[in-house]
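Hi,

Here is the structure I said I would pass on. Have a look at it first, and then read my notes below.

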Amino acid sequence: MPLDDSKLWYRDAIFYEVPIKSFYDSNGDGIGDFAGMTKKLDYLKDLGINGIWLLPFYKSPLKDDGYDISDYYSILPEYGTIEDFKILITEAHARNIRVIADLVLNHVSDQNSWFREALKGKDNPKRDWFVWSDDDAKYSGVRVIFSDTEMSNWAWEPKTKQYYWHRFYSHQPDLNYDNPEVREEIKNVVRFWLDMGLDGFRCDAVPYLFEREGTSCENLPETHEYFKELRKLVDTEFPGTILLAEANQWPTDAKAYFGNEDEFHMAFNFPLMPRIFIALATESAAPIVNIINQTLPIPPTCDWGIFLRNHDELTLEMVTDEERDIMYNEYAKLPKMRLNLGIRRRLAPLVDNDRPTIELLYALLLSLPGTPIFYYGDELGMGDNIYLGDRNGVRTPMQWSFDRNAGFSTADTEQLYSPPITNPNYHYETVNVESELRLPTSLLNWVKKMTRVRSKFSDILGHGDVEFLQHKNRRILAYIRTIDGRNMLCIFNLSRRPTYVELDLSRFKGLRPVEAITDAKFPAIGDLPYFFTMPPRSFFWLSLTENDFKEDD
Ligand code: BGC
């Protein structure tokens with residue numbers, strides 16, 4: 001199947017986020033690699049995926065799992081070669097799967113030759129590629145993001161006796177975007193990888209490129225300007241490729257990254273993600289309705305990337321103190337489950353492995369406005385390991401089978417980059433691709449079914465408008481997705497108890513709701529309110545169709 005040439009391909013896509021090291025080890029060294037990823041493309045195709053987001057695979061000392069790049073123009077040898085990378089792209093495209101990669105452009109590793117040069121002295125030409133100061137009082141008041149590890153955004157460099165600026169770990173010096181050479185170099189990095197057929201970038205840590213005294217040093221106009229330049233570059237030199245923004249911000253600031261259709265094609269809907277979990281914890285639709293109303297509308301060719309979990313902690317930086325308390329109380333009862341201002345857990349353990357809740361969450365992810373992004377392994381209900389440091393507990397080997405090392409690698413288990421999950425509730429002997437494919441009722445088979453339904457309705461769910469229905473039950477979330485006069489009604493019971501709701505559907509009088517997954521037919525809509533009873537944590541996707549079938553259908 002050739003690559004479809006739709007310019008808005010990303011709006012019809014379902015993305016799959018995956019670290020190369022975690023997916024499949026093809027050469028038995030205990031670390032996943034490009035060749036392994038290529039071998040498993042058919043699995044992703046079968047899952048209904050048409051976009052892959054690769055986590056950083058560049059040369060790196062791996063002190064921040066590859067978000068600390070020491071050479072932007074090469075691949076970490078453990079992951080393979082540039083040739084392997086190209087094969088992955090070709091093979092993915094042959095299956096109509098696009099591939100985007102992380103572009104870490106705010107900072108580099110302190111092992112990067114640019115920084116090593118800069119350390120040689122204040123006159124070194126690379127000195128100004130970084131942000132230096134004689135004291136650590138500059139830009140005071142700027143928040144520290146990795147608050148469990150770092151006390152300040154400045155680190156002392158003893159040899160040249162100055163501080164350098166870093167928004168993340170102190171081994172990740174920020175680049176100085178006021179320097180035109182830096183701006184140009186990053187454009188060259190973009191060209192280098194897009195030239196090899198990559199379909200775009202997930203741009204890391206977007207808000208932090210520039211620093212200005214007296215500001216939060218986030219979302220500055222200069223930062224937006226630079227991304228507009230990058231957008232122009234990709235549109236003219238690599239049409240059809242996309243930029244996706246990682247901007248963990250409040251709704252107005254996050255939305256600003258779409259610009260006037262001249263900045264990012266996509267941005268993660270960070271405001272929505274925690275509020276989905278808050279809605280469940282409080283058994284109330286309001287957090288979701290309010291945040292969707294704040295994050296829409298967006299320009300027509302742009303799209304939110306919506307997600308439930310990713311490779312980081314479930315961040316709680318952009319929520320109120322009260323909302324954060326709700327989240328910690330419900331989802332992070334043990335101190336080890338927390339990291340910085342967030343919760344380092346996977347999807348299934350977050351909701352105590354409750355299958356109806358997991359299904360409800362996927363049904364939200366696949367029907368709310370935006371492009372769904374899955375995190376690898378969550379389609380199996382993989383568990384996590386909170387006893388591994390940093391965010392490593394949610395980055396364990398993909399579970400392929402009940403064989404040694406979960407079928408991920410033939411290495412000795414001690415040699416694996418991380419132990420696989422063996423907690424009895426999530427053990428790889430049962431939670432794995434092979435076993436789940438064999439069991440018709442498994443989570444994996446259910447998710448596969450849902451991606452097929454999503455793709456059947458991809459015009460409505462990928463491009464349609466959303467309207468929330470008014471009613472009297474705060475536990476029920478109900479919305480209509482609409483495009484070209486075709487409608488889908490989505491209803492969710494967010495509570496742990498059965499409940500009911502009466503919806504005024506009179507404007508759809510004469511149409512019959514047809515349940516989208518099984519084609520079960522419901523009675524025609526009349527003048528009276530339409531009555532639904534809903535089991536705990538349940539949902540309906542109902543396509544509203546012409547009443548042209550017999551009563552006993
Ligand atoms: C990435 C993290 C990383 C940080 C610093 C984030 O936004 O998602 O995994 O640690 O950037 O690069």
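**Around the ligand**

The shell of residues around the ligand divides into three nonpolar, three polar and seven charged. Keep in mind as you read that this is a predicted model.

Which residues come nearest to the ligand? Of the 13 around it, the answer is Asp64, His107, Glu246, His311 and Asp312. The side chain of His107 has an N or O atom 2.7 Å from an oxygen atom of the ligand. For His311, an N or O atom of the side chain is 2.9 Å from a ligand oxygen. Arg202 also belongs in this part of the picture: one of its polar side-chain atoms lies 3.1 Å from an oxygen atom of the ligand.

How much of the ligand does the protein bury? On its own the ligand exposes 310 Å², and the protein buries 97% of that. As for where to look, the ligand sits in the largest cavity.

**Gln172 and its contacts**

The side chains of Asp64 and Gln172 are joined by a polar contact of 2.8 Å. The side chain of Gln172 also reaches the backbone oxygen of Tyr67, at 3.0 Å. You will find Gln172 in the loop that runs between strand S8 (162-165) and helix H6 (180-194). Is Gln172 buried or exposed? Its relative accessible area is 0%, so Gln172 is buried.

**Backbone details**

Pro297 has its place in the loop between helix H10 (286-295) and strand S12 (303-307).

Next comes Asn353, which is not a glycine but has a positive phi, near 60 degrees. Asn353 is in the loop between helix H12 (347-350) and helix H13 (355-365). Its relative accessibility is 34%, so Asn353 counts as partly exposed.

Asp390 also has a positive phi without being a glycine, at about 45 degrees. To find Asp390, go to the loop between strand S16 (371-375) and helix H14 (433-438). With a relative accessible area of 27%, Asp390 is partly exposed.

Lys159 lies in the loop between strand S7 (154-157) and S8. Its relative accessible area is 59%, and because anything over 50% counts as exposed, Lys159 is exposed. How far is Lys159 from Gly121, C-alpha to C-alpha? The two residues are 38 residues apart along the chain, and their C-alpha atoms are separated by 8.4 Å.

Asn248 is in the loop between strand S10 (242-245) and helix H8 (251-255). Asn248 has a relative accessibility of 8%, so it counts as buried. If you draw a line from Asn248 to Thr301, 53 residues apart along the chain, the separation of their C-alpha atoms is 21 Å.

Cheers

Key:
Residues numbered from 1 in each chain as written. Predicted model: local features only at pLDDT ≥ 70, side-chain atom pairs only at ≥ 80, totals over all residues. Heavy atoms only, no water. Near = heavy atom within 4 Å. Polar contact = N/O pair within 3.5 Å; in protein donor to acceptor, adjacent residues only side chain to side chain. Areas by Shrake-Rupley, 256 points an atom, 1.4 Å probe, with all protein chains shown as cover. 1 Å grid on protein atoms, 1.4 Å probe; cavity = no way out; pocket = protein on both sides within 12 Å on 5 of 7 lines; lining within 4 Å. Sits in = over half its atoms within 2 Å of the grid points. Nonpolar A, V, L, I, M, F, W, Y, C, P; charged D, E, K, R; others polar. Helix = DSSP H or I, 4+ residues; strand = E, 2+ residues; numbered from the N terminus. Buried < 20%, exposed > 50% of the residue type's maximum accessible area, 1.4 Å probe, protein only.
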